Amino acid sequence: MDGLRFTLMRSSASPDRAPSIFEQNRTLLLASLNSGVSHIQSPPYIYKPMRAKTEIRIITLLPPPLFAPHEIECTISTAKLSSKPIYEALSYVWGKPVFDRRVYIGDKELNITASLATALQQLRYRDRPRRLWVDAISINQKDNAEKTSQIPLMAQIYGQATSVIGWLGEKSIQTTATIQTLLDLGSLELVRMRASIQYQRHGETSSTRGELGILQRMFGMNTSSLFMKRQPELKTPQKLVNETIRDQHMTHQPLSLFDLVSSNLNRRCANDSDRIYALLGLPRADNDLAITVNYNTKVEDLYTEFALSYLRKNSLKPLHYAGQAIKSPPGQTATSWTNTTLPSWVPDWRNIYLRVSLCSQIPSTPIFSTATDLPPSITIDASSPPSIGIAGRILDTVKHTITTFAGLDPTEIPKADLGNRLLPHPELTVTLGRAYLQGNDNKPYPTGEDPERAFTRTLLLDNRVPVGNFTLPNTATQSPSPTPDSTPNPASKSNLNEETIWTSYLSAKQAVLNPDKSQSVYEWRIEQKAYTAAARATTKGRGFFVTERGYIGLGPVGVKRGDIVIVFDGAETPFVIRRVDEGRREVRKEWVLGGDCYLHGFMNGESLRGGFEDGKQVFWII
């Protein structure tokens, strides 16, 4: 019988006579001994009020019961944080929000998830209690007011813990790779602080020393222990645990809260408000940002206020993660620019289609500089729904999209998403290039450069946006350091990449148009792999388009003829917008934001050098 379930048994007495109290107790006792369940029926645990802004609950995890070792028992006490209580803090993945397991607190029971139950069973000592802080138990999850007070204390709670336990879950390929990576951090000489990595099984531990300073600095921890249920070792490739760790280290400065949120788009989250709230306690560059934890606030209102908090500081960063074209159900691409419950300029962190970002996490060193020499000018209209007015200028109008040049069905969204289309058919990088050249009648590109070279650079975002292992070698990093009298020129750095891009494209083109019949399919794909693999990564979640003046770019999926390409004052990149139906408001034109874009020939401040001064206006985005 399952240790967490039991069946009540009736006594063998006559059904006409109600069983006595003695017979009932005997039946329950026998069922308990046979099944290993000591708690037959327990009332639900009711939390006692506490001073949530200054106190925390600490659970004392008891050794496994003698007759029911699978059960989890503990007691709960409150303590003032100012009194420096002794406890360890547990960090773990909640898993599915199914609360089908129980922890017994005295003679009461509290439902918990299977993930937490497994962690507690593995972490408890056999011979002595263990004092822990566990968010799912220490905080009353049904009391929004208490959560609102406790969440801001998270950094202090983890910071004051004698150790922080990171529970990775049951043994798997991912957890094994994570453990190995953490052990290898020391050999990479990334950190100097030591921490304990412990493998535990049934209360018995053995320790191995490792280098976890980055994790500790990132999360504000004193020490850290990682637990994983021991099983036979699996050999797996070593990977970095979290790209955020790498980003924090490489930039030598903490990220902003916005960058922390955008760096964790692929993380699962039980409560969508925690995509922001859960990161408030991390070291960050903008601790002065006024975000108040309040679980009674609607998610849409929270996301809107989060975007406004940066727009008020004249930061256009939210626009790079906003736009109707990238708001879609998880795992899907938006089929059209449809209205959602949020304004088009507000990132919907619940449903953002993952793609490489054109926006730098370091304000002082932007990837692109379309109009960064100008100060942003943002006006906020607080009416309902709120809208924003941003000063900028029109660059061009979309004339053709990928469906025009490649002869694709525009109703098939995976084909409109160029990256998804290239996944099974990488040769389309060459096919699309030929179609573009034919449609362009081989005219010079508006900048004067060869149109085919412009095309190859566009598909790779000029090789200036990192795409992991698919990034082509960036020869710009090998250029001499500028002299004190020289001024860095982003365009010249870009040109240093041109030959690398062009050479890799020619290899792919040769493999597609003139394949060596003596080569195997594997060899043939290797020849075109470097360029096409990079192109698949840079074009994921984006669509190819050509403007009226002959410029080409990668914009939001769903871009169509007549859409406007603009640049906002202070923006790193251009954006694609679409006019709202006329007649909505007579006093001003209104637009919806599709998303940011790469427009070859306008990524290094060219729009500020002449020809666009007279077109400045305020664009009202709704």
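**Figure 1. Leu 319 in the loop between H11 and strand S11 (378-381).** The model is predicted; local features need pLDDT of at least 70, side-chain atom pairs count only at pLDDT 80 or more, and totals for chains, interfaces and linings use all residues. Residues are numbered from 1 along each chain as its sequence is written, and side-chain values use heavy atoms, with hydrogens and water left out. Helices (H or I, at least four residues) and strands (E, at least two) are DSSP runs, numbered from the N terminus. With a relative accessible area of 1%, Leu 319 is buried. Buried means under 20% relative accessible area, exposed over 50%, and partly exposed in between (1.4 Å probe, protein chains only). Leu 319 touches Trp 345, Ile 388, Ile 390, Phe 568, Phe 575 and Leu 593, residues up to four places away in sequence not being counted. Contact means heavy atoms within 4.5 Å. Leu 593 is 274 residues from Leu 319 in sequence, yet their C-alpha atoms are 8.2 Å apart.

**Figure 2. The largest nonpolar core, with 60 residues.** Such a core is a set of buried Ala, Val, Leu, Ile, Met, Phe, Trp, Tyr and Cys residues joined through side-chain atoms within 4.5 Å. Leu 257, Phe 306, Trp 349 and Phe 568 have the most contacts inside this core. Helix H11 (residues 299-311) supplies the largest share, eight residues. Phe 306 touches Leu 257, Phe 258, Val 261, Ile 276, Leu 289, Ile 291 and Trp 349, leaving out residues up to four places away in sequence. A second, separate core has 47 residues, including Leu 422, Ala 534, Phe 544 and Leu 599. In soluble globular proteins, nonpolar side chains tend to be buried together.

**Figure 3. Thr 401 in strand S12 (residues 387-401).** Thr 401 counts as buried, at 11% relative accessibility. Beyond its neighbours within four places in sequence, Thr 401 is in contact with Phe 544, Phe 545, Val 559, Lys 560 and Arg 561. Phe 544 is also part of the second core.

**Figure 4. The crossing of helices H15 (residues 428-439) and H16 (residues 451-459).** The two axes come within 10 Å and cross at roughly 140°. That makes H15 oblique to H16. Axes are lines fitted to C-alpha atoms, for helices over the stretch in contact, and angles run from 0 to 180 degrees between N-to-C directions. Angles under 35 degrees count as roughly parallel, over 145 as roughly antiparallel, 65 to 115 as roughly perpendicular and the rest as oblique. H15 contributes Thr 429, Leu 432, Gly 433, Tyr 436 and Leu 437 to the contact; H16 contributes Pro 451, Glu 452, Phe 455 and Leu 459.

**Figure 5. Ala 454 in helix H16.** Ala 454 is buried, with a relative accessible area of 0%. Not counting residues up to four places away in sequence, Ala 454 touches Tyr 445, Glu 449, Ile 552 and His 600. Ile 552 is 98 residues from Ala 454 in sequence and 8.2 Å away, C-alpha to C-alpha.

**Figure 6. Asn 314 and Asn 463, with positive phi.** Asn 314 has a phi of about 60° although it is not a glycine. Asn 463 likewise has a positive phi of about 60°. Most residues other than glycine have a negative phi. Asn 314 is in the loop between H11 and S11 and is partly exposed, at 39% relative accessible area. Asn 463 is in the loop between H16 and helix H17 (490-513) and is buried, at 4%.
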